[in-house]
Amino acid sequence: MAILKIARMGHPVLLARAAMVEDPTVPEIRRLLADMTETLADAGGVGLAAPQVYSSLRLFLFHVPATRSDTGRALPLRAVINPEITPLDSVMVLGWEGCLSIPGLRAAVPRYAAIRLTGLNADGTGFEETLTGFAARVVQHETDHLDGVLYPMRMEDFRYFGYNEELERHPAPLPETI
Ligand code: NI
């Protein structure tokens with residue numbers, strides 16, 4: 001396994017539409033997922049999409065720690081391959097997001113509150129599930145990476161955009177409605 005270099009905003013790989021994964025079980029994809037797992041553990045984020053490690057393929061890893069989960073229950077780290085998202089209604093919520101490709105910054109970004117996610121697991125089997133809250137947010141952020149979209153492109157109010165250190169020093173409550 002290896003810790004991979006993470007592309008930063010400004011590199012064109014982050015703006016490209018990534019290609020579908022034909023077969024998640026081939027050795028190249030297994031190795032990529034193993035390397036991405038090590039890279040995410042080293043970098044300390046909640047999600048990592050393949051284009052962020054210069055691999056323009058439709059897959060990402062994510063997990064939700066208990067401290068960030070709306071239910072208080074952690075979602076363990078998993079791979080999602082060829083994801084498709086369908087919003088379950090039109091309700092959008094504001095929440096804070098960071099990105100390993102935009103280090104040191106965070107912003108309040110509107111996302112659908114509830115989504116249906118379909119895709120393939122690492123073993124190639126299909127799944128379909130409903131996600132809400134922070135898990136839904138992370139999955140929308142990571143799926144955006146596969147379409148060349150970074151969170152600043154989703155922002156509506158740039159007052160809620162800043163350096164982590166400053167925002168921790170001056171916490172800004174988010175508006176209830178957007
Ligand atoms: Ni990101």
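Which element gives the most to the lining of the largest pocket, and with how many residues?

A: Helix H2 gives the most to the lining of the largest pocket, with six residues. The model is predicted: local features need pLDDT of at least 70, side-chain atom pairs count only at pLDDT 80 or more, and totals for chains, interfaces and linings use all residues. Residues are numbered from 1 along each chain as its sequence is written, and side-chain values use heavy atoms, with hydrogens and water left out.

A pocket is an open set of points on a 1 Å grid over the protein atoms alone, where a 1.4 Å probe fits, with protein on both sides within 12 Å along at least five of seven lines; lining residues have an atom within 4 Å of a point. The largest pocket has 24 lining residues, and Gly45, Val46, Glu97, Gly98 and Cys99 lie nearest its centre. Two or more lining residues come from each of strand E4 (92-97), strand E5 (105-112) and helix H2 (133-146). Helices (H or I, at least four residues) and strands (E, at least two) are DSSP runs, numbered from the N terminus.

The volume of this largest pocket is about 460 Å³, a volume being the space filled by probe spheres set on the points, which are joined across faces, edges and corners. By class, its lining comprises 10 nonpolar, nine polar and five charged residues. Here Ala, Val, Leu, Ile, Met, Phe, Trp, Tyr, Cys and Pro count as nonpolar, Asp, Glu, Lys and Arg as charged, and the others, Gly among them, as polar.
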